[in-house]
Structures are given as C-alpha cells and as structure tokens.
Amino acid sequence: MKYIDPHIHMVSRTTDDYRRMAQAGCVAITEPAFWAGFDRCSVEGFRDYFRQLTVVEPARAAQYGIAHHTWLCINPKEAEDVGFAREVLSIIPEFLDAPTVLGIGEIGLNKNSRNELEVFALHLELAVQRNQMVLVHTPHLEDKRKGTLLIMDAVENAGLTPDRVLIDHVEEHTVGDVLDRGFWAGMTLYPDTKCTPQRAVDILERWGTDRIWLNSAGDWGDSDPLAVPKARMEMRRRRHPEAMIEQVTFGNPIAFLSRSGHFRIDG
Ligand SMILES: [Zn+2]
C-alpha cells in the first residue's frame, strides 16, 4: 500500500533512507524549510538552502520513485533577529513559482517570543499576498498549548482560511482546538518521546480521521524516517480497516496538498 510522508527533512537524511522509504511504499514527501542543525549566518546561506530544497532534493528523491515537494520560510529557531528574517523573507518570492513549492512553512513558534511572533506574522502576510498554503510548526515545550492558540489567532487575524493551513506536531491537549477551529492537523511520530505511533493511533480513535495526517518529521536528530509505516502497522495490529489507514496516510495528505496546485504523485 502506498503512503505519503508529508513532513520530513531529507536534506539531513541519506540515500539509504530514501531507499528504505520507497521499499516501505512511500511515493511522495513534503519537506518544510527548517533549522538545519546550525544557524545560517547569511541570506546567501538560505538562498543555497532553497536551491537545495527546490532543485537538488527533488532530483535525489526521483531516483527512488518518490515525488519531493517543499515549503519555504525562515524557521522560528533562526527568527530571533527580525532584521535578518526580513532579508531572508525578501528572497522567498524568487522561489514560490518553482514547480514543487507548496507554500510557506514550517513557520510558527519555538519559544513563543515576541520576535518569533513578529516574524510569523510577516510570513502570514506573504502567504496572503501570494495566495500560498501554510504549514505551521508548534512548540515542543510545555508552552505547546499556549503557542498553538497564539498561532491560530494570528492566522485568523491575517485573513487566511483555516482549511489552507495545517498545524503540525499536535498532541492530545491541542488536537481538539485545532480541528474545532477548522484547521488541518499533523501528528509527528517520534521514536521514544512525544507522540509515539501508539499515542497517535489513540488520538485517531478519539478524534477521528478527518483533516488529520501522520508524519515522521525525520531530520538531523533522533528521528525515524519509517515512522509512518510503523504507525500503519500499529493501526493494523488494532484491526482498523484498511480504508482508514489509507485515508490518514495517503488520502488526507493528497486532499490537503492538492489545494496548492503544485502537488503531484507520479514520482
Ligand atoms: Zn520539521
């Protein structure tokens, strides 16, 4: 059965990971711009990163029959310097018409700071101006619920419609608010901590399977590029129907991502 991993940072992964994902049924991925494990010190560093995301990774993924897409931004971890963030934002429009760019992301908050909120609002402004979809990162700290509520308020104030915005890294204490307010929700599966495949399936059993997807968010740190197929095994172990497994790991990502006009799964 085919699946999509809609949030994974392949610039940090090896070609072996691409091969294993393809063998497990992965046919498409989306890679939000994020922190690369170190702070970049120039706008040109970001321009190179955006070229890597729009040119290099799609070609690398295609060798394994995986369609690669991306979202562009300066991530919240590097957004404390608002002046620098503005400079990076100014080059993003150069890349938005590239055929595999789906929108702005992953933007959001990390420590819920005032500067992060300002840079978040600048990204939302760009998304409105250029009619872009948005993928949002929510903080992993104990501030997750507060940050998630601040984020949804900012999105609504910017005039974006929630059904073109996915709020990622939801957990038990945020998923209800996100879905109730009309947003899409992403559950990020981590090997040990946070949302394990078991907890993700518990959440699906409680909140249902509409407007929600699963992703690995695999990156340069401790993470598992095969987390989505492992969650599918957990759903099968609990005897959930194949149609439900297919919906959350394939159908829902297609339904949301297709709204960008740039999503394709022909590999
Ligand atoms: Zn991420």
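User: Why is Cys 73 called buried?

Analyst: Buried means under 20% relative accessible area, exposed over 50% and partly exposed in between, with a 1.4 Å probe and protein chains only; Cys 73 has 1% relative accessibility and therefore counts as buried. This is a predicted model, in which local features need pLDDT of at least 70 and side-chain atom pairs count only at pLDDT 80 or more, while totals for chains, interfaces and linings use all residues. Residues are numbered from 1 along each chain as its sequence is written, and side-chain values use heavy atoms, with hydrogens and water left out.

User: What about Cys 26, and how many disulfides does the whole structure hold?

Analyst: The sulfur of Cys 26 is 19 Å from its closest cysteine sulfur, in Cys 195, again too far for a bond, and Cys 26 is buried at 3% relative accessibility. Searching the whole structure gives zero disulfides.

User: What makes His 7, His 9 and Glu 106 donors of the zinc ion?

Analyst: Donors are N, O and S atoms within 2.8 Å of the metal (3.2 Å for Na, K and Ca), and sites may look incomplete because water is not among the atoms. His 7 (NE2), His 9 (NE2) and Glu 106 (OE) coordinate the zinc ion at 2.0 to 2.1 Å, so they meet that cut-off.

User: Are His 9 and Glu 106 buried or exposed?

Analyst: His 9 counts as buried at 4% relative accessibility, and Glu 106 is buried with a relative accessible area of 1%.

Notes. Disulfide = S-S within 2.5 Å.
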